[in-house]
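This report walks through one protein structure, a few contacts at a time. Keep the 3D view open and find each residue as it comes up.

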Amino acid sequence: MSARNTSLLTRSINAIWHPCTQMKQHETLPLVPIARAEGVWLYDFDGRRYLDAISSWWVNLFGHANPRINAALNAQLEILEHVILAGFTHAPVIELSEQLSALTGNRLGHCFYASDGASAVEIALKMSFHFWRNSGRPGKTGFISLAHGYHGETLGALAITDVALFRDAYAPLLMHSTQVVSPDWRGAEPGESPRAYAERCATALESHLEQHHAKTAAIIIEPLVQGAAGMAMYDAEYLRRARALCDQYQVHLIADEIMTGFGRTGTFFAYEQGDITPDFLCLSKGITGGYLPLSVVLTTDAVYAAFYDDNIARGFLHSHSYTGNALACRAALATLDIFSQDRVIESNRNKAVLINRLLAPLAQHSRVKHLRNIGMIWAFDVETADAGFARKFYMAALANELLLRPIEATVYWMPPYVITDEEIELLATRILMTLEQSLTLISCT
Ligand SMILES: Cc1ncc(COP(=O)(O)O)c(C=O)c1O
């Protein structure tokens, strides 16, 4: 390893508390310093490269150093980098809000901005509760989420997140919430279709709402794919049923599309596949093509109207300093331009066909279960008793020039949409190779 690589590793370990990491693990698991990136590739200082098969935590859509997003940002830098959004406004945030609203068929016409996914979730929760309070129903304070759902790490978002490893240490600090059974089709009985299972799970939601609707403000779901649960996928029937139940029982439906939005599941928003519209839509991650932190909550005229009043306290008095940052909004606009100019969703379909064909052998592998795909997300579960599987796979993948971070025994990939056919072939061959190597490593240890 070069002196430059080594010195950055040491300085990083000394100065940075890295996210979602037990720092002691870095005694044996080296950090990877990245010098530059282009397209799907990340390069270190020694000229080694890694195919970013997880789109840098699910954010990147059109590759690193995308010339079109770079140009848009450079132009924006010359005009306006940032301005307070309370009392002021600017063109990028207006254009972005109009375009996002149009993408919802103008059903969600009001955009409230923040910086990260978790802060969007906080906003949706607060807005839902406050809507009911402003509507004379202050008793609607409860939130429902799906078992194994993930919505972020801030206290409100963590309270509706159901991942024990992230949640348990902070349990005494968290508000109460209810988890209903997830429609993840891996939970279906033998012979039960994903759709029938989704219907059964919706019936469980119905039983809960029947009893508790008067005290429930909202249910929050990750439409079609629960990412941090290990890319758990479910049938769109659940969305239809959940929407109908929310209407029946006067409970908001919050769609957390922080991971699934922007074409990841094969439609621009995943909720479209259920032919529904949520009351709140949380977006982040891919919104800026993976360039800058930006999140937004879109909501309906009805919600907006409930806050519109002479009384200041009935307003939504929530803020973040960088709300509606002009550079981030410009990156988002450049991202939306690429969607409309390049017919991205259609071209992703062809890429998915190729990835499915090349990785079909996985389905026959004796240790692979539940090979699954939706849009530009793939996953499979590995039958292993080794608690160190994820780490071994991650290391073996790096040695094969791939960035892949299994979630426990689930291997998944969701590459940037600009991945070429040649890169897809490399990705497929190396995934198969990495699986064999990590299983051999396991049997040797
Ligand atoms: C569905 C979902 N919601 C919320 C979040 C939190 O977003 P952030 O990490 O930007 O706070 C994530 C992050 O992975 C997510 O996948």
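The side chains of Thr267 and Gln273 are joined by a polar contact of 3.0 Å. This is a predicted model, and every value here is computed from it.

**A buried threonine in a loop**

Stay with Thr267. Its place is the loop between strand S10 (252–256) and strand S11 (280–283). Is Thr267 buried or exposed? Its relative accessible area is 19%. The cut-off for buried is under 20%, so Thr267 counts as buried. Its side chain also reaches a backbone atom: the oxygen of Phe269, at 2.7 Å.

**An exposed leucine in another loop**

Now turn to Leu173. This residue sits in the loop between helix H7 (164–167) and strand S6 (178–180). Together with Leu155 and Tyr170, Leu173 makes a nonpolar surface patch of about 310 Å².

**The ligand and its shell**

Which residues surround the ligand? They are Trp58, Asp116, Gly117, Ala118, Tyr150, His151, Gly152, Glu222, Asp256, Ile258, Met259 and Lys285. Sorted by class, this shell holds five nonpolar, three polar and four charged residues.

Some of these residues come up again in close atom pairs. A backbone N or O atom of Gly117 is 2.8 Å from an oxygen atom of the ligand. The side chain of Asp256 has an N or O atom 2.6 Å from a nitrogen atom of the ligand. The side chain of Lys285 places an N or O atom 3.0 Å from a ligand oxygen. How much of the ligand does the protein bury? Taken alone, the ligand exposes 390 Å², and the protein buries 83% of that.

**Salt bridges**

Side chains of opposite charge can pair when their charged atoms come close. The model has 19 salt bridges. The table shows three of them.

| Salt bridge | N to O distance | Relative accessibility |
|---|---|---|
| Arg241 and Glu206 | 3.7 Å | Arg241 23%, Glu206 22% |
| Arg243 and Asp247 | 2.8 Å | Arg243 10%, Asp247 49% |
| Arg372 and Asp381 | 3.1 Å | Arg372 3%, Asp381 10% |

Take the pair Arg241 and Glu206, whose side chains meet in a salt bridge. Arg241 lies in helix H9 (residues 237–249) and Glu206 in helix H8 (residues 194–212), so the pair ties together parts that are 35 residues apart in sequence. At 23% relative accessibility, Arg241 is partly exposed. Glu206, at 22%, is also partly exposed.

The pair Arg243 and Asp247 sits within one helix. These residues are four apart in helix H9, so about one helical turn separates them. Is Arg243 buried or exposed? At 10% relative accessibility, Arg243 counts as buried.

The last pair is Arg372 and Asp381, with closest N and O atoms 3.1 Å apart. Arg372 is buried, at 3% relative accessibility. Asp381 is buried too, at 10%.

Note on methods:
Residues are numbered from 1 along each chain as its sequence is written. This is a predicted model: local features need pLDDT of at least 70, side-chain atom pairs count only at pLDDT 80 or more; totals for chains, interfaces and linings use all residues. Side-chain values use heavy atoms; hydrogens and water are left out. A residue is near a molecule or strand if one of its heavy atoms lies within 4 Å of it. A polar contact is a pair of N or O atoms within 3.5 Å; within protein, one must be able to donate a hydrogen and the other to accept it, and residues adjacent in sequence count only if both atoms are side-chain atoms. Accessible areas come from the Shrake-Rupley method with a 1.4 Å probe; for residues, only the protein chains shown count as cover. Ala, Val, Leu, Ile, Met, Phe, Trp, Tyr, Cys and Pro count as nonpolar, Asp, Glu, Lys and Arg as charged, and the others, Gly among them, as polar. Patches are made of residues with over 30% relative accessible area and no salt bridge: like charges are joined within 9 Å, nonpolar side chains (Val, Leu, Ile, Met, Phe, Trp, Tyr) within 5 Å. A salt bridge is a side-chain nitrogen of Lys or Arg within 4 Å of a carboxyl oxygen of Asp or Glu. Helices (H or I, at least four residues) and strands (E, at least two) are DSSP runs, numbered from the N terminus. Buried means under 20% relative accessible area, exposed over 50%, partly exposed in between (1.4 Å probe, protein chains only).
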